[in-house]
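Notebook open, viewer open. I'm jotting down what I looked up, roughly in the order I clicked through it.

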Amino acid sequence: MALRLKSLISNDKTDGLKFSLKSFENDSEKNCVDNCDNSGRYHQLETVNRGLNETVKSFETLSGNEANDKIASILNAYAVDFAQFNSLSQDEKADFIPPSLALKAPAGVGKTVHILDMARDLMDKFPTLKILYLVPYLSLGEELHEKAQGLGLPSRVFRGRSQDMAGQGDIPECERFKMCSRWKEAEKISSLSLDVKSHLCKRVPSAKNPEGSECPHFAECPYIQQLKEFSGLTIASHQYLTLKAEWISEEKIDLVIIDESFWQTFIRKNADIALDDFNRKRDRFPHYDEINYPSKDMTEDQRFQLYIDDCDFFRTYNYRLAEKILFIPAMQNRNFYLASDFIENGITAEIADAMYKIEYKRLVKPAIIPGMDDAEINEKLENAIESDVFSFARFWKNLSLELKIREGRLHSVGFNTKDKTYYVELNSHKDLKIKNIPVILIDADLDANITKKLFPVFNDLPDDAIQTLQVHNSDFVKITQVVDKAITKSTFVSFSQKSLARQEKSQNSRNLLFKAGQAIAFGTGLPLSNPTTWNSVQNRQKPLMIVNKEISDFWHGTDFYSKKKMEQELTGFNSEWSNFFNLYRTEEGLAFKNPDAVPFKVAHYGSIRGKDEWKDANSIIVVGRNEPTVDAIERMACALFYDDAENIQFIEAEEGKQSKYFPKIKKSIVHRNGNTTEVDYSCHIDARCQMVLMQIREAELTQAIARGRPIHRNRPLEIIVATNIPVQGMVVDRVINYDDLYQSRDLFTLKQGMNPFNANDAVRLFKGVYNTVDAFKKVQKRKEKNFDFPMFLAGIYQKEHLYNVVYRTEDMTDRMNDRVGQVFVKGGRVQDTVEQTFKKLFKKVDFEILDIKKSYDDVNASELVETKEEPVVEVEEVTPAPVRVSKFTFEKTTAELLKLMKLRPEPVVQNDNEEVDNRLYDEMDIENEEEDFVFEGQDVIRTIPYDDKVRLANKPVFPFGKYRAYEPSSMKWKMTRTKKARMDSDLSVFMRENDVTLDDIQMIWSNFYHTQLAELIKIKDLVA
């Protein structure tokens, strides 16, 4: 780069941007183009697909260190140009284009540090240098201020009149002090395009006011103190890009640095006018005064006649607009205006321009001086300001411009309906106030076309004034992306506020997401203990989950229903929303009211840009995407590009539908090994709308991913992108489905003490997780289809603490059998910890630990416990379903019984009574059991009369085997006191539900058990 004379710039370069497909493809971004027919239905999107998937312009991918060197080289070259420019006099500078640079590089690469280093070097060369550094919000400015001071660079944070004074973070927002005592009056005067300082702060003596005037708070005003000359780095918010401030000018500022995305600062918001206002408030005419109608060149009669003409003109076209034009979209069922709607009714660009000028004549310059009291100032401002003047003036100004350049659908003037009220939309952007000053833009998501639109200086500079760097992540970083779903906001937040069922469904999704965060915290290496006991290092390593703001509101108790509940408590009146107030009782995310007790952190889209507080997190979990509606995207595009002659292509709703949807194309997610996964990708059909969409949706994703500082990472980092939106330049290591993120039952039981591999122990120990043996088997089968991602992570980051334990414990018949389970041990002697865990799990049940091994063979560790000489036989986990006997019949072939013996060494007999079956091993929860007391008895074989046999033919069998151990050799059984109490209770339920007596139960059981037993003894003898 080098300094460029303004006289050498070709005029045709400043005519504006042309957004054809070709010009958009030449940018580093991708594009979408129009592919819809006249009916608005999309017939093919091959061109869109090609534009989004092909890399038109390739960039070299750099490592973190290479990127640092490249950034340093770019900034060194810029510093040379700036030093030359800054050495010129003000008159000489007017002949040159101020040196400007736009740098696009990923977040976390070190752009800010390099910028501060350059600023320090320039300060050494120019000690009185004044640098303005603009950031999105002041909290980020405070972080920057600390960094600058750490580098020895003089800096300060500049706050506007309406912003809070520093050091009030713990004070409620409504009680905080502002920088200016008259900040509300200052905003009103600024809106009149008047100088705030001379009207409110201090006015120097003049002929009309020889003594001058001063605000009573002037001497101690915090805002005024900031205006003193300061050499160094002044940090302020992005709002000063479009504000006219007395302290920002080419004479007072030498260099402007703009950090992070800036383009939304330019868009005017909340600029709608109700159609009724065009009639209700239009009886106010221009003010007849010296300012609007000066007497210098006219007689009094001429002045008054001009005023009458303006009033007639104003009345004529205002009512023509209100009566004939504004309701046309409503009558024709469309949401936009056409240029022909105005021209055919006699409103041309020239008439609109004249109406714009007359609108401003409704303003009166207030006779305000700083020494007035607040009440008098406010009274004069009320008389001066017509609140609708600026909106109506902007309407006519936008209309005038568009009628000159457009024939079809208007962009800056639109139509919509809200709450059964018709509105005129006003879409436009503010102008840049910082001009003729050298500027540096640094942004991870910078778009060249939007930059040139809002900073016209880049149209006059060579291509290398906009630099793009692509940087790959550290080798310590692993990226996992969900590919089966986009994960919309509606998954977690129902927009049907009055549907309790839908709200409960949404809450269930939020609760599952909360549990996923807990599981991933453990999976990425954090303890299972209560987070309130963690040390500072572990707290910094908590995963960060980034969600939509609505989810964060539910988890912090600031959602819609919580606010309504608070209103009811304050007012004492029953709310129409009271049916929803119990939702908070089952909102697991409300644990964030005490964030120290939650094993992960949460932040929402729109509040994370540039922040460095999560750089030590073990994992970054990005949930969903921040995707505005089609109308919102198109409106922002209209605001940015309304003054371009080329029309924007809009998406139309399908026939019979009101909602609009982005068309979907196929786009690829690239794997580390070179493979790709195709996903459905939502995009816009217009190149400029697609730019805006990517600046919001994809840009927020890249910002979220960068919170873990993956480029210079020197320890493991797991990035989990829970949406299938392909991120430009991102290569993934794994792809999963969304349901794989949820906390698995294995991990849940592991947290409780042990992950059992045996069905009976799973039911015995974790009734709420596995109610029956069948339930356990179904879960194991689902594992073959679903990927248990949290346990997969635990196998990587917790593998040194996971052990497989071979143990022996009694089964349902009180016989000892070998089992295997997995336990988590972190700290202490492994064998001692395992024994303590088993004592808590099995309580008074006998068990014996046979062997303890590492769960993962690749972990080298010394032998921790002594093992038996005989090899440990692995327990086969796949077992057939338990035998279910529902009728009084005992015929079984020898082959069936042999198969039963082979596959079920420990048979369990279940009946059809689910209430009994689901309470297996409930006695394990009884405290102070007297297991040493044993009942002993013997069954008597009974003969059933024919009538009873018919009556009991369809009755189920009571499962005595669950409660007592039977010894076939002596034909005796044994049962503990606890098991007998449980059996007696279950017998009562069984008798009542099946309409049988105790005598009936004994007859059925006696014949069933001894008939089957005789067959089994006979078969065992044959096998022996």
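**Surface patch.** I began with a nonpolar surface patch of about 210 Å², made by Phe-787, Phe-792 and Ile-796. This is a predicted model, where local features need pLDDT of at least 70 and side-chain atom pairs count only at pLDDT 80 or more, while totals for chains, interfaces and linings use all residues. Residues are numbered from 1 along each chain as its sequence is written, and side-chain values use heavy atoms, with hydrogens and water left out. My patch rule takes residues with over 30% relative accessible area and no salt bridge, joining like charges within 9 Å and nonpolar side chains (Val, Leu, Ile, Met, Phe, Trp, Tyr) within 5 Å. The areas come from Shrake-Rupley with a 1.4 Å probe, and for residues only the protein chains shown count as cover.

I then placed Phe-792, which sits in helix H27 (residues 789–797). Helices here are DSSP runs of H or I with at least four residues, strands are runs of E with at least two, and both are numbered from the N terminus. Phe-792 counts as partly exposed because its relative accessibility is 30%. For the record, buried is under 20% relative accessible area, exposed is over 50%, and partly exposed lies in between (1.4 Å probe, protein chains only).

**Helix H5.** I checked the length of H5 (residues 111–125): at 1.5 Å a residue, its 15 residues should span 21 Å, and the end C-alpha atoms are 21 Å apart, which agrees. The expected span is 1.5 Å times one less than the number of residues.

Which residues of H5 are buried? I listed Lys-111, Thr-112, His-114, Ile-115, Leu-116, Met-118, Ala-119, Leu-122 and Met-123. An α-helix has 3.6 residues a turn, so residues three or four places apart point the same way. The buried residues of H5 pack against helices H3 (64–86) and H6 (138–150), and against strands S5 (130–135), S9 (232–237), S10 (255–259) and S15 (439–443). Contact here means heavy atoms within 4.5 Å.

**Strand S21.** S21 (residues 619–623) is mostly covered, with five of its five residues buried. S21 runs parallel to strand S19 (residues 544–547), joined by three bridges. Pairing needs at least two DSSP bridges between the strands. Leu-544 has Ile-620 in S21 as its bridge partner. S21 also pairs in the parallel sense with strand S24 (residues 717–722), over five bridges, and there Ile-621 stands opposite Ile-720.

**A three-stranded sheet.** I also found an open sheet with the order S23-S22-S25 and mixed pairing. S23 (676–682) and S25 (731–732) are its edge strands, each pairing on one side only. Strand S22 (residues 664–671) and S25 run parallel, joined by two bridges. His-671 has Val-732 in S25 as its bridge partner.

**Salt bridges.** How many salt bridges does the structure hold? I get 44, taking a side-chain nitrogen of Lys or Arg within 4 Å of a carboxyl oxygen of Asp or Glu.

One of them joins Lys-418 and Asp-272 (3.2 Å, N to O). The pair links distant parts of the chain, with Lys-418 in strand S13 (residues 409–418) and Asp-272 in strand S11 (residues 272–274), 146 residues apart. Lys-418 is partly exposed, its relative accessible area being 39%.

Next I looked at Lys-453, which forms a salt bridge with Asp-643, the closest N and O atoms being 2.7 Å apart. Lys-453 lies in helix H17 (residues 448–454) and Asp-643 in the loop between helix H22 (630–641) and S22, so this pair ties together parts 190 residues apart in sequence. Lys-453 also meets Asp-644 in a salt bridge (2.7 Å, N to O). Asp-644 is in the loop between H22 and S22 too, so that pair ties together parts 191 residues apart in sequence.

Buried or partly exposed? I sorted these residues by relative accessible area:
- Lys-453 is buried, at 16%.
- Asp-643 is partly exposed, at 29%.
- Asp-644 is buried, at 7%.

I also noted a network of salt bridges that links Glu-260, Asp-443, Asp-445, Arg-609 and Glu-700.

**His-429.** My last stop was His-429, in the loop between strand S14 (421–426) and S15. His-429 is buried, with a relative accessible area of 7%. Its C-alpha atom is separated by 8.7 Å from that of Thr-265, 164 residues apart along the chain. Leaving aside neighbours within four places in sequence, the contacts of His-429 include Phe-266, Ile-267 and Arg-268, as well as Lys-453 and Asp-643 from the salt bridge above.
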